[in-house]
Amino acid sequence: MASPRRPQVAAPRIKELRLTGLDNADPQGSESNGQRESCGFNEAELSERDLSGAGFIECEFLGLEAHETELRRAQFVETRIERANAPSFKAARSIWRNATISDSRFGAVEMYEATVQALKISDSKLSFVNLRGASLRDVLFENCVIDELDLGQARAERIAFKDCTVHSLTFDHAVLSNVDLRGLDIERISGVESMSGTVISSLQATDLAGAFARHLGITVND
């Protein structure tokens with residue numbers, strides 16, 4: 001008898017980002033609710049600026065300081081960010097589409113209620129990532145270390161992790177589909193009742209057995 005076919009996991013759909021013909025631009029010209037298009041920014045210093053509602057379309061940041069920059073409702077579309085540093089990254093309700101972030105360090109990331117479609121974050125260190133209530137589709141984390149990742153109340157589809165570590169992961173009241181956790185080293189997890197739609201390895205299942213037992217009210221006593 002043939003063994004049953006394992007269900008396939010839909011991977012994030014992320015296309016290669018190609019940026020050509022960018023104009024060297026002064027980042028200081030960026031304003032709240034303004035739009036920059038086809039701009040290349042080198043070693044941009046935007047800390048403590050109010051860029052609420054700003055739009056960056058087909059832009060590239062090679063070096064970015066964004067501590068306490070107000071990016072609420074900002075848009076990053078077809079945009080690459082490399083070597084960003086932001087102890088406090090304030091981007092609530094922001095929009096990300098076909099974007100990449102790499103070789104960066106973030107402290108507290110406030111992206112609650114953000115709309116994210118096709119985002120790759122690689123080779124980065126993030127302390128606390130608040131994605132509560134966010135809408136996430138096609139997101140890949142690669143070679144990242146994250147202290148705390150909060151996906152409470154988020155709607156997430158086609159999310160994957162590759163060679164990543166998350167010390168604390170929260171799923172409370174999330175709605176998940178094709179969320180692949182197999183490339184993730186997880187130390188602590190909460191909201192296991194909302195893990196429907198995730199994929200984990202057999203080793204992860206063993207490691208998380210205690211959390212599953214507590215959720216089900218099972219006492220494990222040898």
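A cavity is a set of grid points where a 1.4 Å probe fits but cannot get out. In this predicted model, a search of the whole structure finds three cavities of 30 Å³ or more.

**Cavities**

- Rolling a probe the size of a water molecule over the atoms shows where empty space is left.
- The volume of the largest cavity is about 150 Å³.
- This largest cavity is lined by 17 residues, and those closest to its centre are Met111, Leu119, Ile121, Leu131 and Phe141.
- At least two residues of the lining come from each of the following: strand 9 (105–110), strand 10 (115–122), strand 11 (125–130), strand 12 and strand 14.

**Nonpolar core**

- In soluble globular proteins, nonpolar side chains tend to be buried together.
- In this model, the largest nonpolar core comprises 59 residues, and Phe89, Trp96, Leu136, Leu149, Leu169 and Leu181 have the most contacts inside it.
- Strand 7 (residues 80–90) gives the most to this core, contributing four residues.
- When neighbours within four places in sequence are left aside, the contacts of Leu181 include Phe161, Leu169, Phe171 and Ile186. Met195, Thr198, Val199, Ile200 and Gln204 are also in contact with Leu181.

**Aromatic pairs**

- The search of the whole structure finds eight aromatic pairs.
- One of them is formed by Phe56 and Phe61, whose ring centres are 5.3 Å apart and whose planes are at 70 degrees, an edge-to-face arrangement.
- Phe56 is buried, with a relative accessible area of 1%, and Phe61 is buried as well, with a value of 2%.
- Phe141 and Phe161 form a stacked pair, because their planes are at 5 degrees, with the ring centres 5.1 Å apart.
- This pair links distant parts of the chain: Phe141 belongs to strand 12 (residues 135–142) and Phe161 to strand 14 (residues 155–162), 20 residues apart.
- Phe141 counts as buried at 6% relative accessibility, and Phe161 also counts as buried at 6%.
- Ring pairs join Phe41, Phe56, Phe61, Phe76, Phe89, Trp96 and Phe106 into a cluster.

**Cysteines**

- The structure contains zero disulfides.
- Cys144 is in no disulfide, and the nearest cysteine sulfur, that of Cys164, lies 4.7 Å away.
- A disulfide requires cysteine sulfur atoms within 2.5 Å. The sulfur of Cys164 is 4.7 Å from that of Cys144, its closest cysteine sulfur, and is therefore too far away for a bond.
- Cys144 is buried, with a relative accessible area of 1%, and Cys164 counts as buried at 4%.

**Residues with positive phi**

- Most residues other than glycine have a negative phi.
- Asp103 is not a glycine, yet its phi is positive, at about 50 degrees.
- Asp103 is located in the loop between strand 8 (95–102) and strand 9, and it is partly exposed, with a relative accessible area of 45%.
- Asn178, a residue other than glycine, likewise has a positive phi, near 55 degrees.
- Asn178 is located in strand 16 (residues 175–180). It is partly exposed, with a relative accessible area of 23%.

- Ser88 lies in strand 7 and is buried, with a relative accessible area of 14%.
- Not counting residues up to four places away in sequence, Ser88 touches Ala66, His67, Glu68, Thr69 and Ala108.
- Ser168 has its place in strand 15 (residues 164–170) and counts as buried at 11% relative accessibility. Buried here means under 20% relative accessible area.
- With residues up to four places away in sequence not counted, Ser168 touches Asp147, Glu148, Leu149 and Arg188.

Definitions and conventions. Residues are numbered from 1 along each chain as its sequence is written. This is a predicted model: local features need pLDDT of at least 70, side-chain atom pairs count only at pLDDT 80 or more; totals for chains, interfaces and linings use all residues. Side-chain values use heavy atoms; hydrogens and water are left out. A nonpolar core is a set of buried Ala, Val, Leu, Ile, Met, Phe, Trp, Tyr and Cys residues joined through side-chain atoms within 4.5 Å. Buried means under 20% relative accessible area, exposed over 50%, partly exposed in between (1.4 Å probe, protein chains only). Contact means heavy atoms within 4.5 Å. Rings of Phe, Tyr and Trp (its six-membered ring) pair if their centres lie within 6.5 Å; planes under 30 degrees apart count as stacked, over 60 as edge-to-face and the rest as tilted. On a 1 Å grid over the protein atoms alone, a cavity is a set of points where a 1.4 Å probe fits but cannot get out, and a pocket is an open set with protein on both sides within 12 Å along at least five of seven lines; lining residues have an atom within 4 Å of a point. Grid points are joined across faces, edges and corners, and a volume is the space filled by probe spheres set on the points.
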